[in-house]
Amino acid sequence: MKPELKKVQISLNDNREIIIETGLLAKQAHGSCVVKMGDTMLLATVVSDTTPKEVDFLPLSVDYREKFAADGRFPGGFLKREARPSDQEILGMRLVDRVLRPLFPKNYHCETQVMIQLMSHDRNVCPHALIGLAASTALTLSNIPFEGPISEVRVGRIENNFIINPSPEELEDSDIDLMVGASKDSVIMVEGEMAEISEQEMIDAIKHAHEAIKQQCDAQLELLNQCEPITKREVEEEEKVTEISQKVYDLSYEEIYKIAGQKTTKKERSNLIEKTKEKVINSFSEEELEEKDSEINKAFYNTQKEAIRNFILDTKTRLDGRKTDEIRPIWCEVDYLPKTHGSAVFTRGETQSLTTVTLGTSLDENRLDTVTQIGSEKFYLHYNFPPFSTGEARMRFSVSRREIGHGNLAQRALKDMIDESNPYTVRVVSEILESNGSSSMATVCAGTLALMDAGIQLTRPVSGIAMGLITDENHEKYAVLSDILGDEDFLGDMDFKVTGTTKGITACQMDMKVKGLPYNILEEALEQSKEGRLHILNEMLKTMSESRTEPKPHSPKMVTMTVPKDMIGGIIGPGGKIIQKMQADTETTITINEEDNIGVVEILGTDSDGIEKAQEIIKNICFIPEVGEIYDGIVKSIQPYGAFVEIKKGTDGLLHISEIAWKRLEKVEEVLKEGDEIQVKLVSIDPKSGKMKLSRKILLPKPE
């Protein structure tokens, strides 16, 4: 017997709707639902163990996968099975994880797994806009303790009108592409890219998204009311003050507070805090350490957090002695690596990025072949975060989710500032060599300088800054921090990254760790970020103020040509022989792409003479006569009525006897013989037959 289906509908303001269903699928999961919009369908499930793990964090995993069958396609490659997640799937996981994680009870340590699967794909509906809603609904319908519901929406703007969950086609015309995650009373996560918008416009977009999220949260509660009553699991509240925690506090709080005011570097501060911790540990007996080790460590961390936060709130002074809006010292250098096409070092305090730029042809584009993305990227950025950048030694395996997320943010910050005239495929790689606060924003700054060093023309240079926040429980006392340190990020309540030009914001990413943050604090943080990123930009431009006029001597130069589509085969030749020989003879790389009814030829090489030689060869192969042009021709044959003159190899036209000279000729041979080299002008081309009429006399002085 088919089980009863429960569902609710959410109406969007343009006759679209979202449907949430439960009761049919995955009933052994602790919570499950199906979310539909158009023909896009997502299945979300959640399961959580009943036995807590012996850890002091929430062991939460969020998994989002897109099934190729959802789009009626086979997986690409040799193995016809979905394998490791794509970058787009990983970015989707991060979007959901960042919103869910702060809303579990702090003492909930049961392993929890949220799984979202794209089961049907409508190409007019972006599934990323629905996965947060799906995950939250599954949690809301479960007995797992969760301080939701939450939801996420995508907001775009076309002609100053905001659109919730725009289609991919609408996003092409939108000057905002923003993902916002929130509960009914608080914005938790923001991430997206913008076309140099103002801070106020960004606030307006967030507020518009939040209103739609409130509606989706209400829909989840409405669906919950249709189901059998659910009793949420009880979570034992931690005893806030124990004998152990009080002893740790008494022994360390004042000392850590003093350390916070000593204007230390990251290493100095770590050493001082470690010595304080050793002193605390030595005050306990071996039996206490054996039985209460985790409690002592946790109490010390909580004391450290409280002492540092209170120091910053009390003094409005940072751990390194800066004021709240002060930026760390900056130094930059371009052309650091002699053989790369572009390179730059950007150092801000104890954060450093060495970034390179590589130029290539369309063959080097980043090919995209996922369920929801088919195409290629002409500009892409990769971000690497090795363990030595934080003074650690640990095993490295595959690229981490963090590296993918930070690289994506920097790529979105820069990509639309590449001038449209750029012919190259561009790869940017950021190597983080030191990290103490916002290496992703250092990547944006180093990326801008490296692009200018490579000769890539930018509409405007881009800089980025990371903002932090420390606030009390009621948000009455707070400090907005510009250019945050790693410790300030770890112990703070907000991480807000903003990139932009002198004209406006190009990308952002925000994560909140507190509930109910008032918009006035968010607005203050944005305004303070503008001052900071413009200061950083000014420091960058002291090193290099504009792009090189052309690539470096050892960098590849590129020219593009358009040829008739039916000429492409002639350029390539049988089995590719002609184009391969051309590349070998001219020391260039030649690629040809078909666009509409033309062929676009890209010629890449380091030697300008070789590029010019390749152009001439292609022009000869694809010769197209133009009426009015003058050509050097060879007389190929003579007839009683005129001569046939070859103006390019394989292309000839008729030079009528009356067009040879101004005087009347009885025979062509009076003036011409086969093999003569003469100049002629193309007078006309018959539109039907393509036959050409030439003239020699028109180039000669006319007798009086």
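Is Glu-612 buried, partly exposed or exposed? Glu-612 counts as partly exposed, because its relative accessibility is 48%. That value falls between the cut-offs of 20% for buried and 50% for exposed. The model is predicted. Its chain has 704 residues, and 51% of them are buried.

**Overall build**

- The chain holds 14 helices and 29 strands.
- Its radius of gyration is 33 Å. A compact globule of 704 residues would have a value near 27 Å.
- Along the principal axes, the C-alpha atoms fill a box of roughly 125 × 70 × 45 Å.

**A patch of negative charge**

- Glu-612 belongs to a patch of negative charge on the surface.
- Gathered there with Glu-612 are Glu-587, Asp-607, Asp-609 and Glu-616.
- Glu-612 sits in helix α14, which covers residues 608-621.

- Leu-699 lies in the segment after strand β29, which spans 692-695.
- Leu-699 counts as partly exposed because its relative accessibility is 31%.

**A buried helix**

- Helix α2 covers residues 131-140. It is largely enclosed by the rest of the structure, because 10 of its 10 residues are buried.
- Buried means under 20% relative accessible area.
- The buried residues of α2 include Ile-131, Leu-133, Leu-139 and Thr-140. Gly-132 and Ser-136 are also among them.

**Backbone features in loops**

- A cis peptide bond joins Gly-148 to Pro-149. Its omega is about 5°.
- Pro-149 is in the loop between helix α2 and strand β7, and β7 spans 150-158.
- Glu-159 is not a glycine, yet it has a positive phi of about 55°. Glu-159 lies in the loop between β7 and β8, with β8 at 161-164.
- Glu-159 counts as exposed because its relative accessibility is 72%.
- Lys-316 is not a glycine either, and it has a positive phi of about 55°. Lys-316 is found in the loop between α7 (286-315) and β11 (330-334).
- Lys-316 is partly exposed, because its relative accessible area is 37%.

Note on methods. Residues numbered from 1 in each chain as written. Predicted model: local features only at pLDDT ≥ 70, side-chain atom pairs only at ≥ 80, totals over all residues. Heavy atoms only, no water. Patch = residues over 30% accessible without salt bridge, like charges linked within 9 Å, V, L, I, M, F, W, Y side chains within 5 Å. Areas by Shrake-Rupley, 256 points an atom, 1.4 Å probe, with all protein chains shown as cover. Salt bridge = Lys/Arg side-chain N within 4 Å of Asp/Glu carboxyl O. Lys, Arg positive; Asp, Glu negative; His and termini not counted. Charge placed at Lys NZ, Arg CZ, Asp CG, Glu CD. Helix = DSSP H or I, 4+ residues; strand = E, 2+ residues; numbered from the N terminus. Buried < 20%, exposed > 50% of the residue type's maximum accessible area, 1.4 Å probe, protein only. Rg over C-alpha atoms; globule rule 2.2 N^0.38 Å.
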